[in-house]
Amino acid sequence: MDGKAPDDVKPQIQSYIKRELRSLKDVEISDEKPQYEIRVEAMEISTKTAGRTNLNGYAFSALLLSPLQQFSSLTESAKNSCDEDYLISRHF
């Protein structure tokens, strides 16, 4: 698990996510050769009123990543099933 979050809440976010993952029977948390990686971005939502900053809450974004090797065959399959015009228009 990786990502960015304010230092005061990062441990709480990591603890919550790990606790929820451990509750799933077929999930194993590992730092060595993980099958998936979770990246979490969190930021404070605050307002300024009369020179005071008021914390209103947090905004979160979570991204589940998998190593590219797992998708290489899927990518090839998708390329083979698309017509040439589609692939050209989507090429970057």
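Tutor: Let us begin with a term: a pocket is an open set of grid points with protein on both sides within 12 Å along at least five of seven lines. Please also keep in mind that this is a predicted model.

Student: Okay, what volume does the largest pocket have?

Tutor: The volume of the largest pocket comes to about 570 Å³. Of the 17 residues lining that pocket, those closest to its centre are Glu-28, Ile-29, Ser-30, Pro-34 and Tyr-36.

Student: And which element gives the largest share of the lining of the largest pocket?

Tutor: That is helix 1, with 3 residues, and both helix 1 and strand 2, which covers 37–49, supply at least two residues of the lining. By kind, the lining of the largest pocket divides into 8 nonpolar, 3 polar and 6 charged residues.

Student: How many cavities of 30 Å³ or more are there?

Tutor: The structure holds 1 cavity of that kind, and the volume of the largest cavity is about 70 Å³. Its lining is made by Met-1, Asp-2, Gly-3, Lys-4, Ala-5, Lys-10, Ile-13, Gln-14 and Val-40. The elements that give two or more residues to this lining are strand 1 (2–4) and helix 1 (10–22).

Student: How do the residues of that cavity lining divide into nonpolar, polar and charged?

Tutor: For the largest cavity, the lining has 4 nonpolar, 2 polar and 3 charged residues.

Student: Let's pick Asp-2 from that list. Which residues does Asp-2 touch, not counting those up to four places away in sequence?

Tutor: Asp-2, which sits in strand 1, touches Glu-37, Ile-38, Arg-39 and Val-40 when those sequence neighbours are set aside. Asp-2 and Glu-37 are 35 residues apart along the chain, and their C-alpha atoms are separated by 7.7 Å.

Student: Is Asp-2 buried, exposed or partly exposed?

Tutor: Asp-2 counts as partly exposed, because its relative accessibility is 41%.

Student: What about Lys-4, is it buried or exposed?

Tutor: Lys-4, also a residue of strand 1, counts as exposed because its relative accessibility is 61%, and the cut-off for exposed is over 50%. Leaving aside neighbours within four places in sequence, Lys-4 is in contact with Val-40, Glu-41 and Ala-42. Lys-4 and Met-43 are 39 residues apart in sequence, and from C-alpha to C-alpha they are 8.1 Å apart in space.

Student: Zooming out, in what order do the elements run from the N terminus on?

Tutor: The order is β-α-β-β-α-α, made up of 3 helices and 3 strands. The protein chain has 92 residues, and buried residues make up 11% of them. Among contacts with a separation of 6 or more, 45% are between residues 24 or more positions apart.

Student: New topic: how many aromatic pairs are there?

Tutor: There is 1 aromatic pair in the structure, formed by Tyr-58 and Phe-60, whose ring centres are 6.4 Å apart and whose planes stand at 45 degrees, so that the pair is tilted, since that label falls between the limits of 30 and 60 degrees. Tyr-58 counts as partly exposed because its relative accessibility is 29%, whereas Phe-60 is exposed because its relative accessible area is 52%.

Student: And what is phi of Ala-50?

Tutor: Phi of Ala-50 is near 50 degrees, a positive value in a residue other than glycine. As background, most residues other than glycine have a negative phi. Ala-50 lies in the loop between strand 2 and strand 3 (52–65), and Ala-50 is exposed because its relative accessible area is 82%.

Note on methods:
Residues are numbered from 1 along each chain as its sequence is written. This is a predicted model: local features need pLDDT of at least 70, side-chain atom pairs count only at pLDDT 80 or more; totals for chains, interfaces and linings use all residues. Side-chain values use heavy atoms; hydrogens and water are left out. On a 1 Å grid over the protein atoms alone, a cavity is a set of points where a 1.4 Å probe fits but cannot get out, and a pocket is an open set with protein on both sides within 12 Å along at least five of seven lines; lining residues have an atom within 4 Å of a point. Grid points are joined across faces, edges and corners, and a volume is the space filled by probe spheres set on the points. Helices (H or I, at least four residues) and strands (E, at least two) are DSSP runs, numbered from the N terminus. Ala, Val, Leu, Ile, Met, Phe, Trp, Tyr, Cys and Pro count as nonpolar, Asp, Glu, Lys and Arg as charged, and the others, Gly among them, as polar. Buried means under 20% relative accessible area, exposed over 50%, partly exposed in between (1.4 Å probe, protein chains only). Contact means heavy atoms within 4.5 Å. Rings of Phe, Tyr and Trp (its six-membered ring) pair if their centres lie within 6.5 Å; planes under 30 degrees apart count as stacked, over 60 as edge-to-face and the rest as tilted.
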